[in-house]
Amino acid sequence: MIESRLTEWDGHMNGTSKPHRPLNIVCDRAHWDFVLESYFFREVLLGGLQRPLRIIPLEPDQIPPSLDDLLIAGPLERLKGLIDRAIQTKARNVGVFHMADECFDLDRSFYPNVDYVIRNYFRADILALPQPCRCMQVLWVPNGYRHGIGARSPQSLTPFPARQHQFFFAGQMNPSVEGQRERAAMFEALQQSRLPALVMRTDRFAAGLGPASYSAFMENSRFALCPRGNSQETIRLFDAMELGAIPISLRHDFLLNPKVMGGTPIVLLDRWEQLPHWYAQAIESPDAENIWHARQTEMVQWWSAFKSHKQAEVAALIEQSFARYQTL
């Protein structure tokens, strides 16, 4: 496989074969510098494409080029005008990667009028489309791990018995914010039971540990506490799986749905008050470390397969859109 791809690339560079049309990824420059998951987006989710990826960051007042083969990526309040322009000028092969809609309150009226949509944050009704329409599919993908956290080789991860911290959480925890209340309930359960947890709290987003130290603590922890924030889906869940820390979360729709992440071998609770009782049962077996080491191995293997599956889904959808417009 590697040899055939190198031969194909050499052919393109030497002019002996027809090069693939690139996928033109248009984004807001400031957002592209800020987004935590840019590496995961390019190297994992788009990593299955057998064609060049041309990223075009735009300044706020910059007039975008007139292009086909577009993937418009970012928060839509910054890029809605570009999407509207692509639709109005009848640009061909137009996809949107819809980021930052964790509260499901952004405009989605354009979905039927582009060729495909890829988005984070699952809600079943949002994936449905009116028929007939131009859009082939709205595809859910995970946020993935933060830049600087992965990619990690599974062979390099510290095994469960050798990890020093039982529980780890670092992040924003502001009980006055509605999306933070689950985190407050988790913290209260930890305090009342005095569980062996390493907790580092901040009062605002991305104000705590840098990625290097965050990943060092996570990679040395057996369990990662993953309460929700503004959405049920939290990047912390995917950070943890990439780093081999078994996530503990409440039962949320996207973790139960078999078409999304149902079946992932993580710990699911009904409420955070159950954490002390669950922990007492989890460690009471004399063979507990071996049992949870096996669960860690299962989780890492599941996550690797899941990433490959999502990568293939994204590549197939984008290539299907390219195939619609073979004679550009």
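Select helix α4 (residues 76–88) and find Asp84 and Lys80: being 4 residues apart in this helix, they are separated by about one helical turn. Helices here are DSSP runs of H or I with at least four residues, strands are runs of E with at least two, and both are numbered from the N terminus.

This is a predicted model, where local features need pLDDT of at least 70 and side-chain atom pairs count only at pLDDT 80 or more, while totals for chains, interfaces and linings use all residues. Residues are numbered from 1 along each chain as its sequence is written, and side-chain values use heavy atoms, leaving out hydrogens and water.

**Stop 1: the pair in α4**

Show the side chains of Asp84 and Lys80. They form a salt bridge, with the closest N and O atoms 2.9 Å apart. A salt bridge is a side-chain nitrogen of Lys or Arg within 4 Å of a carboxyl oxygen of Asp or Glu. (Buried means under 20% relative accessible area, exposed over 50%, and partly exposed in between, using a 1.4 Å probe and protein chains only.)

**Stop 2: Arg51 and Glu319**

The structure holds 17 salt bridges. For another of them, select Arg51 and Glu319, whose closest N and O atoms are 2.8 Å apart. Arg51 lies in the loop between α3 (38–45) and β2 (53–58), and Glu319 lies in helix α10 (residues 288–324), so the pair ties together parts that are 268 residues apart in sequence. Arg51 is buried, at 13% relative accessible area. Glu319 is partly exposed, at 26%.

**Stop 3: Asp101 and Arg119**

Now pick Asp101 and Arg119. Their salt bridge has its closest N and O atoms 3.0 Å apart. Asp101 sits in the loop between β4 (94–99) and β5 (116–119), while Arg119 is in strand β5, 18 residues apart. Both Asp101 and Arg119 are buried. Next, select Arg29, Asp33 and Glu59, which salt bridges with shared partners join into one network.

**Stop 4: strand β9**

Select residues 221–225. How many residues of strand β9 are buried? The count is 5 of the 5, so β9 is largely enclosed by the rest of the structure. (Two strands pair if DSSP finds at least two bridges between them.) Phe167 has Phe223 in β9 as its bridge partner.
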